[in-house]
Amino acid sequence: MYKDINKEKPMMMFIDLNSAFATAEQQAHPTLRGKPMGVTNRISKECCVIAASYEAKKLGIKVGMRLSDAKAICPEFIMLETDAPKYHRVYQKLVSIMKDYSPKIRMKSIDEGVIDFHGMEPTLNGKSLVDIGYEIKQRVKDEIGDWMRINIGIAPNIFLAKQAAGWHKPDGLDVIDYKNLRSYYSQMKLTDLTGIAERFEARLNSYGIFTPLQFFAADEYMLKKRVFNSITGTYWYRRLRGHEIDDNETNLGMIGRQWVLRDPTNKDELLRSYLSFLCETTGMKVRYRNVEARGICVWARLRNGESWYAKRMHGSSFYTNQEIYRRALELFNQKPSGADVQSMGIYCYGLEPSKASQLSMFEDIAKKDWVTKAVDEINDFYGAFTVYSATTIEGKKVIKQKIPFGGTSYFELLLKSA
Amino acid sequence: MNPIEEINEVVDVVPIYRGHASDQFKCVPWKMVYRGREVIFTQLGMRHPTEKGKRMIHAFNMSDGVNDYRIDFDAERLIWTLIYVMGGDYV
C-alpha cells in the first residue's frame, strides 16, 4: 500500500520567512511590534492586504482581504505601503546566511528558499540539520533583527521540506522523513498540501480521495491514468513519497507586465498611456534579461466579464521600448471599442539572446538603438523613469511598481525605480 | 488612514561610529534636532541601503520609544534627511 517511500536521510532544508513584509516592517518600526498590521502596494480605501502580521492573522485578517474588511474585523488594524529596498536587504541577508552552509541554495521567492545539503556532510562538523536549523534561526535574529522569525522544514525532497516548514507556524522547525510521513499526512487536510487548491481537491474527491493519507495510498497507475490523466499523476505519486520532482529550473518563456485599473475606463487616450507604461516596463525587463522578443501579446479584461486578446509573432526581433509599443499598439487598436477595461497587460514571447551589440547596417535602426541605450544609461544613473516617453505620462502618474511575489529575477531592476 | 507623516526635511543628527561593531551597527544615529526639538533615539529598528540613481543612501529606521523615525543619510552629499515620523499615539 505504501510502496516506494524514499528512506534517504533528509538533506533538504526549506526556509520560510513567514509574513515576510509585515515582519520586516515590524522589525523596522518598533512601535508596530505585537500589533495587527499589514502591507499593501498603495494605500487606498479598497486596497488589499498583501502581507499580514501574525497578530492580524490571529484575528482572521487574511492576505487578499480589503482594507475596509480588515478594519471591520479590527478597527486598530494598521496598513503600510511596501518598501522594496527594505525587503531586499532582508532577502540579501537571508541569502548570505544560507550560502554559508551550502553552495547549492535556491531562492523560490523573496521570502523562501531551499538549502540542498547533499554532499555537504563533511563540512557540517558532526552537527545535525536540526542543530543547523536552530543556528540559522539565531543568525537571522542576530544579523537581520530580533523580531524576525523563520520557519524551517527538513525533509528528503523540496515538497516535504516546504510542508514541514509550514507545520508549526510561526517560528517552527520540523523534520519529515519516512518515519513520520504517515503520521504527518494523517494530521493534514488535502488543501494543506502545496499545489492542492479547491479544484484539485474536487477532482481528488471525485475519485474517492478525501484525505492526504488516501492520496498517499493511491497507486501510481490510478493517479496517472484516471485522476490527473497525465504525467502529473506520477509526479504527485513520487512527490508524496519524498522523491525529488521539483528541483528543476524553468526556462524564460515570456516577459510582461499587467495592471488592474483602479477606475475601469474605455477612454482610448488613457488606455494607450497605460499601455505605453506597461511597454516601457516590459522593455526594461527584456533588456535587463539581455534578450530580444519576436512575439507580442496584448490582452484586456472588460468590466462586462468578457476578455479580449491579440497576439502576433513577427519575423524580426525587437527590444526597444518604441518597437514594443508600436507593435503592441497595432494589436491594441483591434480591441472592441466601447467596453470599460478592468485590467490589461502585455507580454513578449519568442525570446532569443540579445543581438544588441551587433552593428546595424541601417542608420534609422541604429539611431533607435542609440536612443534606447542613452535613455537606459540616464535612467540607470539618476533612477528609473527619469526619462520616459511622452505617451507614458498619464500611465506613470497612476501605475506603481509592485513587489514581485513569484520570483526574484527583477528585484534589482525594481530597486532602481523604488 | 496612513500612520506615516511625511516630513522630508534636512535635520541635524549626531551619530555614533563604532569601530568594532558588526556591519549593520557601525554607524548609528544617536540624536536628532528636528524643528528645535531634540530627539534621542533608543532603538535601531533596521538599517538598509537604497539608491537614488547612482547615489547611495543609508536608510535608518529609529525609535525614541514613543515614535518611529525614518532618517536617510546621503553618502554622497553627506546630509541627513528626516523622511517620515510614525506616531506612537496613532498605533
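Where in chain A does Phe385(A) lie?

## Phe385(A) and its surroundings

This is a predicted model. Phe385(A) sits in the loop between helix 14 and helix 15 (393–398) of chain A. The residue counts as partly exposed, because 16 C-beta neighbours lie inside 10 Å, and a residue needs 20 or more to be buried. Phe385(A) and Glu280(A) are 105 residues apart along the chain, and their C-alpha atoms are separated by 9.1 Å.

Strand 7 (residues 151–155) of chain A is mostly covered, with 5 of its 5 residues buried. Asn151(A), Gly153(A) and Ala155(A) point one way from the strand, while Ile152(A) and Ile154(A) point the other way, and all of them are buried. In a regular strand the side chains alternate between the two faces of the sheet.

Strand 7 of chain A pairs with strand 1 (residues 12–16) of chain A in the antiparallel sense, over 5 bridges. Within this pairing, Gly153(A) is the bridge partner of Phe14(A). Strand 7 of chain A is also joined to strand 8 (residues 173–175) of chain A, by 3 bridges, and these two strands run parallel. Here the bridge partner of Gly153(A) is Asp174(A). From strand 7 the chain passes through helix 6 (residues 158–165) of chain A to strand 8, and this β-α-β crossover is left-handed.

## The 3-2-4 sheet

In chain A, 3 strands form an open sheet in the order 3-2-4, with mixed pairing. Strand 3 (51–52) and strand 4 (78–81) of chain A stand at the edges and have a single partner strand each, so one side of each is left without a neighbour in the sheet. Strand 2 (residues 37–40) of chain A runs antiparallel to strand 3 of chain A, and 2 bridges join them. One of the bridge pairs is Gly38(A) with Ala52(A) in strand 3 of chain A. Helix 1 (residues 20–28) of chain A packs on this sheet and touches strand 2, strand 3 and strand 4 of chain A. The direction of helix 1 makes about 115 degrees with that of strand 2 of chain A.

## Contact between chains A and B

On the chain A side, 19 residues are in contact with 21 residues of chain B. Helix 1, helix 4 (84–99), helix 14 (363–382) and helix 16 (411–417) of chain A each supply at least two residues of the side that touches chain B. Helix 4 of chain A gives the most, with 3 residues. By class, this side of chain A has 10 nonpolar, 5 polar and 4 charged residues.

Chain B itself has 0 helices and 8 strands. Of its 91 residues, 25% count as buried. Among contacts in chain B with a separation of 6 or more, 29% come from residues 24 or more positions apart.

Helix 12 (residues 268–288) of chain A has 21 residues, which at 1.5 Å a residue should span 30 Å; its end C-alpha atoms are 30 Å apart, so the two values agree. The helix is mostly covered, with 15 of its 21 residues buried.

Just after helix 12 of chain A comes Asn290(A), with a positive phi of about 60 degrees. Asn290(A) is placed in the loop between helix 12 and strand 10 (291–302) of chain A. Asn290(A) is exposed, because 11 other C-beta atoms lie within 10 Å, and the limit for that class is 12 or fewer.

## Other backbone features

Most residues other than glycine have a negative phi, and most peptide bonds are trans. Asn125(A) has a positive phi of about 55 degrees although it is not a glycine. Asn125(A) is in the loop between strand 6 (112–116) and helix 5 (129–143) of chain A, and is exposed, with 8 other C-beta atoms within 10 Å.

The peptide bond from Lys169(A) to Pro170(A) is cis, with omega near -10 degrees. Pro170(A) belongs to the loop between helix 6 and strand 8 of chain A.

## His314(A)

His314(A) is part of strand 11 (residues 307–318) of chain A. The residue is partly exposed, with 13 other C-beta atoms within 10 Å. Leaving aside neighbours within four places in sequence, His314(A) is in contact with Arg294(A), Gly295(A) and Arg327(A). By contrast, Gly195(A) is 119 residues from His314(A) in sequence and 36 Å away in space, C-alpha to C-alpha.

Conventions: Residues numbered from 1 in each chain as written. Chains lettered and ligands numbered in written order. Predicted model: local features only at pLDDT ≥ 70, side-chain atom pairs only at ≥ 80, totals over all residues. Helix = DSSP H or I, 4+ residues; strand = E, 2+ residues; numbered from the N terminus. Pairing = 2+ DSSP bridges. Right-handed = clockwise from strand over helix to strand, strands pointing away. Contact = placed C-beta atoms within 7 Å. Axes fitted to C-alpha atoms, helices over the stretch in contact; angles between N-to-C directions. Nonpolar A, V, L, I, M, F, W, Y, C, P; charged D, E, K, R; others polar. Expected span 1.5 Å × (residues − 1).
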